[in-house]
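Hello,

Here is the structure I promised to pass on to you. Please open it alongside this message, and my notes follow below.

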Amino acid sequence: MATPTLKIENLHVEVEGTEIIKDFNLEIKGGEIHAIMGPNGTGKSTLASAIMGHPKYTVTQGKVLLDGENILDMDVDERAKAGLFLGMQYPSEISGVTNSDFLRSAINTKRGEGNEISLMKFIRKMDEKMEQLEMDPSFAQRYLNEGFSGGEKKRNEILQLLMLEPKFAILDEIDSGLDIDALKVVANGVNSMRNPEFGCLIITHYQRLLNYITPDQVHVIMQGRIVKSGGAELAERLENEGYDWIKEELGIENEKVGEQEQEA
Amino acid sequence: MMSVDTKWTFDEKYVKEYSQRRGEPEWLTEERLLAVRLAEKLELPKPEKTNIKTWNFTSFKHDVTGDYGELKREELPEEVRVLLDRASEGENILVLRDGKLVYRSISERLKEQGVLFVDIETAAKEHGDLLKQYFMSHAVDVDENKLTAHHVALMNGGVFVYVPKNVEMEEPLQTIYWQEDPEAAIFNHVTVVAEDNSQVTYLENYVSFSEQDAVANIISEVYAKPGANISYGGVDHFEKGMTTSVIRRGYAEKDATIKWALGQMNEGNTLSDNTTILKGDGANADAKAVSVGRGKQSQNFLTHIVHHGKHTDGQILTHAVMKDEASSIFNGVSKIEKGATKSNGEQTERVLMLSERARGDANPILLIDEDDVTAGHAASVGQIDPMQMFYLMSRGISEKEAERLIIHGFLAPVVDQLPLQAVRERLTEVIERKVQ
């Protein structure tokens, strides 16, 4: 299988008339893990949601090419079927639909009619992945995210990642609200996905997740675009020194988006 | 709208002959005669916020004669057979076609335990004295309105369940009431009696296949004696032409429990009253119902729990999906009478709107005449949460399937309560067909 690529070109995204992402460019190849870091309000989550097709965000310009195909032309479910996954910061709760029914439905949609996963195979895989993530087996029969704690929801996102095996995953603040043990479990889950056919974009506020998942590249986002890129050492420097040195270096006064116009 | 024949052609002579032809005991003939006289004087009920004056309650064929005889299981129509689980030794099933018993499968165990599970015609003939004690007694009165009087005058089908003291029935009692003649009226009467500390699960299915005009006028009265526990499941799925009035009332004595799980999937106009009277101290009621409204149908659902006893607990949960131009009113009433101290009444009504032209009113009402109680309610009318759709679709699930999952999930609290796999599956199919 050819190495997959995810290429974001000249992406512009608006929310309710305000441009949040401006001329954003990034290429990720299978086998690579990229991290996007940045202070609050710089467009990190907007980027993640817009690529997946969140109804609140409007892409006004640019392309997101998954193996050469522009996924922005696709419906949300088609993007997923093309191989994209978004681990969400605030996963929805769906009452009355069990975790296991939901996952089987999602896997089978992807595999297509006549090629459904056998129930035994599914159960075995789900048991194995839940054990890996140290999840109580009862979570398989619980309603999707309903009454889950913040940490349980995050684990459940990673469980879905491991079950669905996408080509690319965007993990939006998957580390927020996790204690150190849960953080390690989640990181192990992501690391277990590492292979040449899987690429990952980790969006995070803090460097601590990157202690457990070593990124190939780190990008700093400010004002809705990448302002600096580097290797894993960049994340460490950000952890130690914060973001001010970058702002100074680049002459940025306000790193947030959608504000500087009003202030100017 | 089709012209509605408002002529009421049933008089004392007709009713008397009908009753005698069925070999009914005299008390029942007298009840019917009283009812037919009352029917003339009484008014239609006036449900809150729904006008039923134009509904057809009088145009139907009452006595679909012809002795069908008993049918074999494989002779039942496909639509009826799908409601049955795979045949088992423990099963207890009665199937009535246009009010007449046509199929019966009763377990040895039920007979050994002395449980009565018979069609109402047989009950009147063979267990008349027992039936008389409960027929239209504490739960429902014949003179409540025109429809209750119609019902007694023309009752033409139903079932009597009697569970003796301390008997705990494990297998559910299942009934299927099916309309075969497209004009046949279903005036079905169900009486369930559970004596002290007994336990029973009763599950009924109403089905029809024709869109022609007809009337279903149904009354169920459910008596839970001290310490008894009754689970009552119902799935209604009458076709479009059927106008339905259905009263399901429970009467719970000391420490008794009545649990309702109702799938109200009629396609035609429906007036439903599900009331539980918590008469004794420590009595409990749990009333769960789901419904789907579509097309232009108009429906009115009252779920009502009346607390008389101390330490009584009443729970109401209604979930409904509304689409097209359907209109439904959901009135939940928790009534706590003076002296019902330490009682608790809670209710939740949720309506999911799939169309802007549909109407769904959820009205939680607490009527409390006692200070020392707890009560609460929650109601919402809303659309499918776009975030839930986005979440499911982001995993590759199509828009249609995502919507289906959310709706099923929304109705699951009731569907999951129904005791038989086949009935759950059938209800799920009906829901699917109604919401797609």
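In chain B, 82% of the contacts between residues at least 6 apart in sequence join residues at least 24 apart. The corresponding figure for chain A is 72%, again among contacts with a separation of 6 or more. Please keep in mind that this is a predicted model.

Let me stay with chain B for a moment. This chain has 10 helices and 19 strands, and 53% of its 436 residues count as buried. Its C-alpha atoms fill a box of roughly 65 × 50 × 50 Å along the principal axes. A compact globule of 436 residues would have a radius of gyration near 22 Å, so the 21 Å of chain B agrees with that expectation.

Chain B is divided into domain 1 (12-279) and domain 2 (384-436). Taken over C-alpha atoms, the centres of these two domains of chain B are separated by 30 Å. Where they meet, 16 residues of domain 1 of chain B are in contact with 13 residues of domain 2 of chain B. On the domain 1 side, the elements of chain B that give two or more residues are β7 (199-208), β9 (229-237) and β11 (257-264). Of these, β9(B) gives the most, with 4 residues. That side of domain 1 divides into 8 nonpolar, 7 polar and 1 charged residues.

Which residues touch the most other members of the largest nonpolar core? They are B:Val161 and B:Val192, in a core of 195 residues. This core draws at least three residues from each of domain 1 (12-279) and domain 2 (384-436) of chain B. Leaving aside residues up to four places away in sequence, B:Val192 touches B:Val161, B:Tyr202, B:Val222, B:Tyr223, B:Ile230 and B:Tyr232.

Another residue to look up in chain B is B:Ala362, which is found in strand β18 (residues 359-368). Is B:Ala362 buried or exposed? B:Ala362 has 22 C-beta neighbours inside 10 Å, and 20 or more is the cut-off, so B:Ala362 counts as buried. Not counting residues up to four places away in sequence, B:Ala362 touches B:Phe330, B:Glu349, B:Val351, B:Ala379 and B:Val381. The C-alpha atom of B:Ala362 is separated by 8.6 Å from that of B:Ser328, which is 34 residues apart from B:Ala362 along the chain.

Now to chain A. There are 9 helices and 10 strands in this chain, and 42% of its 264 residues count as buried. The C-alpha trace of chain A spans about 60 × 40 × 35 Å along its principal axes. For 264 residues, a compact globule would have a radius of gyration near 18 Å; chain A has 18 Å and therefore agrees.

An unreviewed UniProt entry lists residues 6-248 of chain A as "domain: ABC transporter". That span of chain A is 35% helix and 27% strand, and its end C-alpha atoms lie 31 Å apart.

Finally, the two chains touch each other. The contact takes 21 residues from chain A and 21 residues from chain B. On the chain A side, the elements that give two or more residues are α2 (76-82), α3 (99-111) and α5 (150-164) of chain A. The residues on that side of chain A divide into 11 nonpolar, 7 polar and 3 charged.

Happy browsing, and do write back with any questions.

Best wishes

Definitions and conventions:
Residues numbered from 1 in each chain as written. Chains lettered and ligands numbered in written order. Predicted model: local features only at pLDDT ≥ 70, side-chain atom pairs only at ≥ 80, totals over all residues. Contact = placed C-beta atoms within 7 Å. Nonpolar A, V, L, I, M, F, W, Y, C, P; charged D, E, K, R; others polar. Rg over C-alpha atoms; globule rule 2.2 N^0.38 Å. Buried ≥ 20, exposed ≤ 12 C-beta atoms within 10 Å, placed from the backbone. Core = buried A, V, L, I, M, F, W, Y, C linked by C-beta atoms within 7 Å. Domains from an automatic or database assignment. UniProt positions renumbered as here; feature names shortened; annotations may be inferred.
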